[in-house]
Amino acid sequence: MKIAVVGRGLIGSAAARHLALAGHKPILIGPSEPDEKRTHRGVFGSHYDEGRITRKNATEPFWAEASIASIARYGDIEAASGIRFFSPVGALMVGPDTGPFMRDARATAQTCDIAHRALDADRLRHEFPYLAPGTDMAALWEPEGAGHISPRRLVAAQTKAAIAAGATLVDAQVHGIDDAAGGVGVHLDDETLTFDRVLVAAGGMSDHVLGRSVTLKIFARTVALFRVSDDESARLAAMPSAVLRLPGEYYLLPPIRYPDGRAYLKLGGDPDDVVLADIDAIGDWFRSGGNPAVRDHLEAVMRAIMPDLAIEAVEMDACVTTWTADGRPEIGSLSPRLAVATAGCGAGAKCSDELGRRGASALLQNVSERIAS
């Protein structure tokens, strides 16, 4: 059986590895990261980055269960590929002590039996003196099996492990798919490849690749990157990742070494949801490099939550998040030969291996129902 996975991002590369481990020889199709985003005219991926939070806990059991399954396999992926992508520095979930965010996080931790420590505001300041939480705040501290991952290196690790297990990589952009009587045609720049089954895991490009009406919502996101000295990075070497409900939800990454050799803290959390209507708008957004107004907003937030941080420079980058109407990934069969695994809904990086595994299973088993609330 000839199988293709369309999309070389976090979910697609994971699906290819799981298909190869199941004894198949999938073809993983998608373009490489562009050398220069500002002039690139093809498609983009949001995994072109070095820092995403990973943790088991969440405000819903679905995301916790998917993350628990994925994190349990991080070691296997690193061993199979020889690529390290996981930094186990721990993770915090911080919010008003009596608010719904902490209520739901505590409930999920209990339901999913996630090891953690509960911290009140005083204990939070004592344990993490570089943070400045309000007196009404509390936290759940997950010290083990949590921290941050490099999505760029995770994709590289999944791809290398998939190839070692029997997958083949095709470095090309997919322009569309035809699910016809003779098989599923995958249209590349100058040829069409035909497969018995195809899994589409193309993130924000999935509607375009499938040629269907708009099903997913693609939101423009700006992240702020705070460059710090090597001395400041060393001072914060034990800093965990954090999700912060302040109000407004933000995510904070500790100092991470980026490809330019410098260390940056990363803060994300747009105040507004800006919808990107089509593939052209998505491309324009990535090429723009982000929204300066959001960068400035994030800088003000950062200076409030880490007032002693010695910032050398503030930069920004553009990415997108892909959402379904119910806030769960779309994973399931569209026909006997075609399946989809897409939409991380702002939480998919850490649990992408499990989402890819479920997508591979849906393709092989012809599972018709999608994950739903």
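Residues are numbered from 1 along each chain as its sequence is written. In this predicted model, local features need pLDDT of at least 70, side-chain atom pairs count only at pLDDT 80 or more, and totals for chains, interfaces and linings use all residues, while side-chain values use heavy atoms, with hydrogens and water left out.

The largest nonpolar core holds 76 residues. A nonpolar core is a set of buried Ala, Val, Leu, Ile, Met, Phe, Trp, Tyr and Cys residues joined through side-chain atoms within 4.5 Å. Buried means under 20% relative accessible area, exposed over 50%, and partly exposed in between (1.4 Å probe, protein chains only). Ile-29, Trp-63, Ile-177, Val-186, Val-198 and Val-200 touch the most other members of the largest core. Helix 1 (residues 10-21) gives the largest share of this core, 5 residues. Helices (H or I, at least four residues) and strands (E, at least two) are DSSP runs, numbered from the N terminus. A second, separate core has 29 residues, including Leu-119, Ala-139, Ala-263 and Leu-309.

Val-200 has contacts beyond four places in sequence with Val-6, Ile-177, Ser-206, Val-209, Leu-210, Leu-338, Ala-339, Val-340 and Ala-341. Contact means heavy atoms within 4.5 Å. Trp-63, also listed for the largest core, lies in helix 2 (residues 61-71) and is buried. The buried residues of helix 2 pack against strand 3 (52-54), helix 3 (74-81), helix 4 (100-111) and helix 11 (352-365).

Strand 11 (residues 183-187) is largely enclosed by the rest of the structure, because 4 of its 5 residues are buried. Strand 11 is joined to strand 10 (residues 176-180) by 5 bridges, and the two run antiparallel. Two strands pair if DSSP finds at least two bridges between them. Gly-176 stands opposite His-187 in strand 11. The two strands form a hairpin, with 2 residues between them. Strand 11 also pairs with strand 12 (residues 192-195), in the antiparallel sense, over 4 bridges. Here Val-186 stands opposite Leu-193. Strands 11 and 12 form a hairpin with 4 residues between them.

An open sheet of 3 strands has the order 3-8-4 and antiparallel pairing. Its edge strands are strand 3 and strand 4 (86-87), each pairing on one side only. Strand 3 is joined to strand 8 (residues 147-149) by 3 bridges. Arg-52 stands opposite Ile-149 in strand 8. His-148 also lies in strand 8. His-148 counts as buried, at 8% relative accessibility. Beyond four places in sequence, the contacts of His-148 include Arg-52, Ile-53 and Thr-54, as well as Phe-86 and Ser-87. Others among them are Ser-241, Leu-253, Pro-254 and Ile-256.

Most residues other than glycine have a negative phi. Ala-343 has a positive phi, near 75°. Ala-343 is found in the loop between strand 21 (338-342) and helix 11, and is buried at a relative accessible area of 2%. Cys-345 is found in the loop between strand 21 and helix 11. Cys-345 has a positive phi of about 55° and is buried at 5% relative accessible area. Gln-173 is found in the loop between strand 9 (168-171) and strand 10. Gln-173 is buried, with a relative accessible area of 18%. Leaving aside neighbours within four places in sequence, Gln-173 is in contact with Pro-31, Gly-42, Val-43, His-187, Leu-188 and Asp-189.

The second largest pocket has a volume of about 550 Å³. On a 1 Å grid over the protein atoms alone, a pocket is an open set of points where a 1.4 Å probe fits, with protein on both sides within 12 Å along at least five of seven lines. Lining residues have an atom within 4 Å of a point. Grid points are joined across faces, edges and corners, and a volume is the space filled by probe spheres set on the points. Of the 26 lining residues, Lys-37, Tyr-48, Arg-152, Leu-225 and Asp-317 are the closest to the centre of this pocket. Strand 14 (217-228), strand 17 (263-268) and strand 19 (313-323) each supply at least two residues of the lining. Strand 19 gives the largest share, 5 residues. The lining divides into 11 nonpolar, 3 polar and 12 charged residues. Ala, Val, Leu, Ile, Met, Phe, Trp, Tyr, Cys and Pro count as nonpolar, Asp, Glu, Lys and Arg as charged, and the others, Gly among them, as polar.
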